[in-house]
Amino acid sequence: IQRNDPHNLGCSCRKLHVFLKSTSKKKGGSHRRMPERKVKEELRKRGLITKGNEGMSRDKMEAMLHGAIEKEPCCWGKDCPCVR
């Protein structure tokens with residue numbers, strides 16, 4: 001699949017998925033959560049961790065990372081349809 005092909009209507013890029021902890025009492029799905037170390041690393045890459053918010057809970061960090069990922073495009077090249 002080539003992104004600059006005019007017949008290609010979709011995007012083959014992939015965003016990082018952050019699974020948020022569900023509020024329901026149903027168990028399961030926790031195996032999909034990122035390790036806390038990885039969440040902190042991704043927040044640090046995006047410049048969202050400062051000395052003031054280092055001690056926040058894992059749930060808050062995951063929500064912050066989820067919001068940041070949703071705001072950014074999944075790819076950065078100008079030839080991809082999702083950036084246009």
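Student: Is Arg33 buried or exposed?

Tutor: Arg33 is buried, with a relative accessible area of 18%. Buried means under 20% relative accessible area, exposed means over 50%, and partly exposed lies in between (1.4 Å probe, protein chains only).

Student: What sort of model are we looking at?

Tutor: This is a predicted model: local features need pLDDT of at least 70, side-chain atom pairs count only at pLDDT 80 or more, and totals for chains, interfaces and linings use all residues.

Student: Thanks. Where is Arg33 found?

Tutor: Arg33 is in the segment before helix 1, which spans 36–45. The protein has two helices and zero strands. Helices (H or I, at least four residues) and strands (E, at least two) are DSSP runs numbered from the N terminus.

Student: And what does Arg33 touch?

Tutor: Not counting residues up to four places away in sequence, Arg33 touches Phe19, Lys21, Arg58, Asp59 and Glu62. Contact here means heavy atoms within 4.5 Å.

Student: Which side chains make polar contacts with Arg33?

Tutor: Asp59 does, at 3.0 Å, and so does Glu62, at 2.9 Å. A polar contact is a pair of N or O atoms within 3.5 Å; within protein, one must be able to donate a hydrogen and the other to accept it, and residues adjacent in sequence count only if both atoms are side-chain atoms.

Student: What does Arg33 form with Glu62?

Tutor: Arg33 and Glu62 form a salt bridge, with the closest N and O atoms 2.9 Å apart. This pair links distant parts of the chain: Arg33 sits in the segment before helix 1 and Glu62 in helix 2, 29 residues apart. A salt bridge is a side-chain nitrogen of Lys or Arg within 4 Å of a carboxyl oxygen of Asp or Glu.

Student: Why would side chains pair like that?

Tutor: Side chains of opposite charge can pair when their charged atoms come close.

Student: Is Glu62 buried or exposed?

Tutor: Glu62 counts as buried, at 1% relative accessibility. Glu62 also forms a salt bridge with Arg58, where the closest N and O atoms are 3.2 Å apart. Glu62 and Arg58 are four residues apart in helix 2, so about one helical turn separates them. Arg58 counts as partly exposed, at 27%.

Student: What about Asp59, where is its place?

Tutor: Asp59 is in helix 2 and counts as partly exposed, at 36% relative accessibility. Leaving out residues up to four places away in sequence, Asp59 touches Lys21 and Arg33.

Student: New topic: how many salt bridges are there in the whole structure?

Tutor: A search of the whole structure finds eight. One of them joins the side chains of Lys45 and Glu42, at 3.3 Å from N to O. Being three residues apart in helix 1, Lys45 and Glu42 are separated by about one helical turn. Lys45 is exposed, with a relative accessible area of 58%, whereas Glu42 is buried, at 6%.

Student: Which other residues in helix 1 are buried?

Tutor: Val39 and Leu43 are buried in helix 1, along with Glu42. Seen down the axis of helix 1, its buried residues fall within an arc of 100 degrees, so they line one face of the helix. The arc is that of the directions from the helix axis to the C-beta atoms. These buried residues pack against helix 2. The face turned away from the buried side carries the exposed residues Arg37, Arg44 and Lys45.

Student: Which residues make up the largest nonpolar core?

Tutor: Nine residues make up that core: Val18, Met34, Val39, Leu43, Ile49, Met56, Met61, Leu65 and Ile69. Helix 1 and helix 2 (58–71) are the elements that give two or more residues to this core, and helix 2 supplies the largest share, three residues. A nonpolar core is a set of buried Ala, Val, Leu, Ile, Met, Phe, Trp, Tyr and Cys residues joined through side-chain atoms within 4.5 Å.

Student: What does Met34 contact?

Tutor: Leaving aside neighbours within four places in sequence, Met34 is in contact with Leu16, His17, Val18, Val39, Glu42, Arg58, Glu62 and Leu65.

How values were computed: Residues numbered from 1 in each chain as written. Heavy atoms only, no water.
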